[in-house]
Amino acid sequence: MIVSDMHTHSTFSTDGRAPLDEMISTGKSLGLKYYGVSEHFDLDEYSIKLYGTIDEAAYFLRARELQQILNDGDFTFIAGGEFNYVTDEEVFEKFHRINELYKPDFAVNSIHIVDGEECFRREYFSGKSKAYAYSRYLEQVLKSVDAPYKFDIIGHLGYVSRNAPYDDPMIYYEEFSDLYDAILKRIIDRNIILEVNSQSRGAGCDFLPNVDVLSRYYELGGRTISFGSDAHFPSRVAEKRDVVCAALKKIGFTHITVPNKGERIKVPLASCGE
């Protein structure tokens, strides 16, 4: 069993469905030892128009209050953010400011926007072949690994496939091996954590990235991974953690890595799938 979930959201994110207190208490009730909240930080103009924006000060104030109340030897709530990467110097500066001002305990760096469009929305795929739409996404992911601000995790690699209109939406390693290798090698070189995200509805697989990509990451020497459910409401917290655990152990992984205030905590993968 995996005892951490480092990618969740509450109503501080504009698409969250439950208050922060409820999301955290759900994680604790499920026996998680480490519970991470990575509220959305969408700071480019397009994303703000699409989703709105977070009240940064209110979020971190409440998060720090709850950490004082809840954190003990058995449970740790870790307050972070999901940074929506776009290639924009002004946005880079905004993320740097957030890191300096609020000092998030960790950050997930994610791609949602490709060529000025949200790549979850069907409009992104209009007139594009699967090869082109996915290649453009992966090229943006590669750029994001070298983002000039502090972050810990590369989030939901393969996100573009979640709502893709193709008959087979799966994003296979073998079809994009050069791009995947470039991404995975750069993640390893920069000592970034690769997230395994269990929100994969519509993507044709159980989690993102899929087993073929994770196997290649391991083959290249990658050992640093985190688990995130991407839960926006309580019933999805830690979803499919046993499925992910069994798959990771079969590949050869022995632990999950939890980032917290610059520290890397190695949490063994407990017995599962045996």
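Biologist: Which residues does His-9 touch, not counting those up to four places away in sequence?

Modeller: His-9 touches Met-23, Ser-38, Glu-39, His-40, Glu-82, Asp-230, Ala-231 and His-232, where contact means heavy atoms within 4.5 Å. The model is a predicted one, in which local features need pLDDT of at least 70 and side-chain atom pairs count only at pLDDT 80 or more, while totals for chains, interfaces and linings use all residues. Residues are numbered from 1 along each chain as its sequence is written, and side-chain values use heavy atoms, with hydrogens and water left out.

Biologist: Why is His-9 called buried?

Modeller: A residue is buried at under 20% relative accessible area, exposed at over 50% and partly exposed in between (1.4 Å probe, protein chains only). His-9 has a relative accessible area of 0%, and therefore it is buried. His-9 lies in the loop between β1 (4–5) and α1 (20–29), where helices (H or I, at least four residues) and strands (E, at least two) are DSSP runs numbered from the N terminus.

Biologist: What makes the pairing of the side chains of His-9 and His-7 a polar contact?

Modeller: A polar contact is a pair of N or O atoms within 3.5 Å; within protein, one must be able to donate a hydrogen and the other to accept it, and residues adjacent in sequence count only if both atoms are side-chain atoms. The side chains of His-9 and His-7 make such a contact at 3.3 Å, and the side chain of His-9 also reaches the backbone oxygen of Ser-38 at 2.9 Å.

Biologist: How do you know that the length of helix α6 agrees with its number of residues?

Modeller: The expected span is 1.5 Å times one less than the number of residues. The 16 residues of α6 (residues 130–145) should therefore span 22 Å, and its end C-alpha atoms are 23 Å apart, which agrees. Among the buried residues of α6 are Ala-133, Tyr-137, Leu-138 and Val-141, and the buried residues of this helix pack against β4 (107–110), β5 (113–114), α5 (122–125), β7 (153–154) and α7 (177–189).

Biologist: Which residues touch the most other members of the largest nonpolar core?

Modeller: A nonpolar core is a set of buried Ala, Val, Leu, Ile, Met, Phe, Trp, Tyr and Cys residues joined through side-chain atoms within 4.5 Å. Of the 86 residues in the largest one, Phe-77, Tyr-137 and Leu-157 touch the most other members, and α6 gives the most to this core, with 6 residues. In soluble globular proteins, nonpolar side chains tend to be buried together. The residues that Phe-77 touches, not counting those up to four places away in sequence, include Leu-20, Ile-24, Tyr-35 and Val-37.

Biologist: How many aromatic pairs does the structure hold?

Modeller: The structure holds 20 aromatic pairs. Rings of Phe, Tyr and Trp (its six-membered ring) pair if their centres lie within 6.5 Å; planes under 30 degrees apart count as stacked, over 60 as edge-to-face and the rest as tilted. Phe-41 and Phe-83 are 5.9 Å apart centre to centre with 80° between the planes, and form an edge-to-face pair. This pair links distant parts of the chain, with Phe-41 in strand β2 (residues 34–41) and Phe-83 in strand β3 (residues 76–84), 42 residues apart.

Biologist: Why is the pair of Phe-95 and Tyr-149 called tilted?

Modeller: The ring centres of Phe-95 and Tyr-149 are 4.9 Å apart and their planes are at 50°, so the pair is tilted. Phe-95 lies in helix α4 (residues 89–102) and Tyr-149 in the loop between α6 and β7, so the pair ties together parts that are 54 residues apart in sequence. Both Phe-95 and Tyr-149 are buried.

Biologist: Why does Arg-216 count as buried?

Modeller: The relative accessibility of Arg-216 is 18%, and therefore Arg-216 counts as buried. Arg-216 is found in helix α8 (residues 211–219), and its side chain makes a polar contact with the side chain of Asp-181 at 2.9 Å.

Biologist: What makes the charged end of Arg-223 sit over the ring of Tyr-218?

Modeller: A charge sits over a ring if NZ of Lys or CZ of Arg is within 6 Å of the ring centre and within 35 degrees of the ring normal. The charged end of Arg-223 sits over the ring of Tyr-218 at 3.5 Å from its centre, and that of Lys-128 sits over the ring of Tyr-124 at 4.4 Å from its centre.
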